[in-house]
Amino acid sequence: MTWRELALIPALVALPLSPPQPDLDVHVLSNRADLVSGGDALVRVTGSARVRVELNGADVTSRFVPGPDGTLTGLVDGLSPGANVLTVRPPRGRAERLTITDHPPGGPVFSGPQVRPWQCQTAENGLGPALNDRCDAAPVRSEITLGNGVKATLERGTVNRGIYDVLVPANWNHKLVWVFGAGTGQQYRQGVSRGLTMPEAQEAAAKGFAVASSTMTDNSLHSNDVTSAETVMMVKEHVVETYGEIRYTIGRGGSGGALQQYLVADAYPGLLDGLLPTQDWPDQIVGAYREFGDCAALVRAMDASQLWSDPDDRTAVFGHGGTGVCATSAGRAPDYMKPDDGTSCAGEASYDPARNPGGVRCTLQDFMISIYGARPQGCAGVPCARVEGCSGASCARPQGCSGVPCARRPWDNVGVQYGLTALRDGRISAEQFVDLNQRVGGFDIDMTWTPSRSEADIAAVEIAHRTGRVVFGRGLAQVPILVVRGTDNNDYHYPWRSLVLRNRLDRANGHHRNQVLWTNGSDGSPLDVMDRWLAAVEADRRPIPLPAKVVRHRPAEAVDACWISGAKVTDQAACDQAYPHKADTRVAAGEGPTSDLLKCRLKPLRREDYGGVAFTGEEWGRLRSAFPAGVCDYSRPGVGQTDPATGRLRPPQPWLTFTTGPGGTPLGPPPSSHPL
């Protein structure tokens, strides 16, 4: 070092040091930055209150307001469809940049191509004529007075081609209750809103909660849980941008409203923070679609045989507490499986085997064709020449005979030994077991009975498991679940359904401590208990996983209980004795307690697997004829349930987008800002 360099050292030390600049951070409050819709986004800037904010190069600083904590918050509107660049420039140091991707208010965002045709019903919902083919319409707001005298804003509008309702009381506590509608239906129209008049909505609003619903989350209209999740996300974004931030969201609803809660929370964690299901149902494909198909085939087979006149014999095979469940379910099977289910789901464009064989098919899988994809062979197994003038439902062309695709189907009963448990328990005879499994058959893609069993499209089975259409339970570990359930084993909302979900939670997470079952009663208001539970989780700022917080902060009254003669009982042995549970058709056929296989793996038919049941030679020959490829091997996971590389059970991938095609691809982590 030279003397000149040494001489500079005191001067350098004496220079005043500039204060360190805090790190800038830019994030969207109202949604993920890549899933924004409607042309605007609520954005927060932390790290400096003296910045210049630019949207696609234009100065939008004036839209931001400083908060008491030194942050800046602003509603950035004027977003262009697709990618938008938001740049934040401090007085000194590097700027920060965030890409915001905007989608149409009529959708889609992540659910993939929307079904067509689609009938707008904005006028029927009091919104006037639709503005475009996505059925957009200007929202309508009114001021109402709740039963407790509190003023509230009632808003109705359109999001994701559906009709939404939002009720925000003047004393809003910044918590949201989402009401999911019950039922089953695939309607190619907006639908008419049920509104927010149900007791659950009124109770929540009276307690300071905002309440929201949509025709797209009403299962009686739109049985597509992916568009249900998408709609919840989009309407929540609108609520945040219009009324303020949401602390947490609680799902409510029974039957079809219960299964939507589970499907949304498991596959798209973070949209719902707590679940309050009633008339419990674990999911749609297994809990409803699969069993409805089973019951339709079983009831038909039994009605055709003299061996099944005794209702007790039928009940033993069904697995329920009587014959009522399968009688009802068989009648409901067309709602999911029959292309001409009687609803004229798309009006004149609907499928009709004679009048319009290439029309819109009113099945669950066809309503979710963006998820499952189309069958390469068309609508049936009988080929149809690829020539002009092709007609009929049987068509080998991928697009079907009239340009309407036919979706892959996930229903399968190959190898299922109906009544296996009843046979082993001595409740039915070997001859009845053989007779039933010979007769049961299956249904083709048009839900026409066939003597052979139904084989699912393998791709549909794999997609259903991998994408979370069958609830696995890993995502549900992040949410408290408080179930108020009934006791009737002869109603198709039977209590076993809650235990199916419990068994899945145990398998997925090693416990079910985030699920509470209240049977035949409740301990005050379930909403109040859930509110306390979530408030405690919210207040816990420790860097521990959310599932651990959910378990740690379960309120004292949130314990499994039943009500016997009006008295609360927490002794589960006493509850099980007072209110026993049964099973479902597949568990009664030998499947395990998670009851979640769409297609089983097969094993050879062997006499030693029947626990000493004596089949005659003639009966055994008929049984072999009924199961030419073998019977279900429930010691192994089902088709599509495992990772091909490891052979182990594979939880579904959360937050999938279907914009890239059926089967979906992961969205990955939310985008974050980065320095320039």
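Rings of Phe, Tyr and Trp (its six-membered ring) count as a pair if their centres lie within 6.5 Å, with planes under 30 degrees apart called stacked, over 60 edge-to-face and the rest tilted. On that basis, ring pairs join Trp281, Tyr289, Phe292, Tyr336 and Tyr492 into a cluster. The model is a predicted one, so to speak of local features pLDDT of at least 70 is needed, side-chain atom pairs count only at pLDDT 80 or more, and totals for chains, interfaces and linings use all residues. Residues are numbered from 1 along each chain as its sequence is written, and side-chain values use heavy atoms, with hydrogens and water left out.

The ring rule gives 17 aromatic pairs. One of them, Tyr188 with Phe367, is edge-to-face, at 5.2 Å centre to centre and 80 degrees between the planes. Both Tyr188 and Phe367 are buried (under 20% relative accessible area, with exposed over 50% and partly exposed in between; 1.4 Å probe, protein chains only). For Tyr268 and Trp655 the centres are 5.0 Å apart and the planes at 90 degrees, so this pair is edge-to-face too. Tyr268 and Trp655 are both buried as well.

Charges turn up over rings, too (NZ of Lys or CZ of Arg within 6 Å of the ring centre and within 35 degrees of the ring normal). The charged end of Arg497 sits over the ring of Trp281, 3.9 Å from its centre, and Arg161 lies over the face of Trp118, at 3.9 Å from the ring centre.

As for contacts (heavy atoms within 4.5 Å), Phe615 touches Leu423, Ala430, Phe433, Val434, Arg607, Tyr610, Trp620 and Leu623, leaving aside residues up to four places away in sequence.
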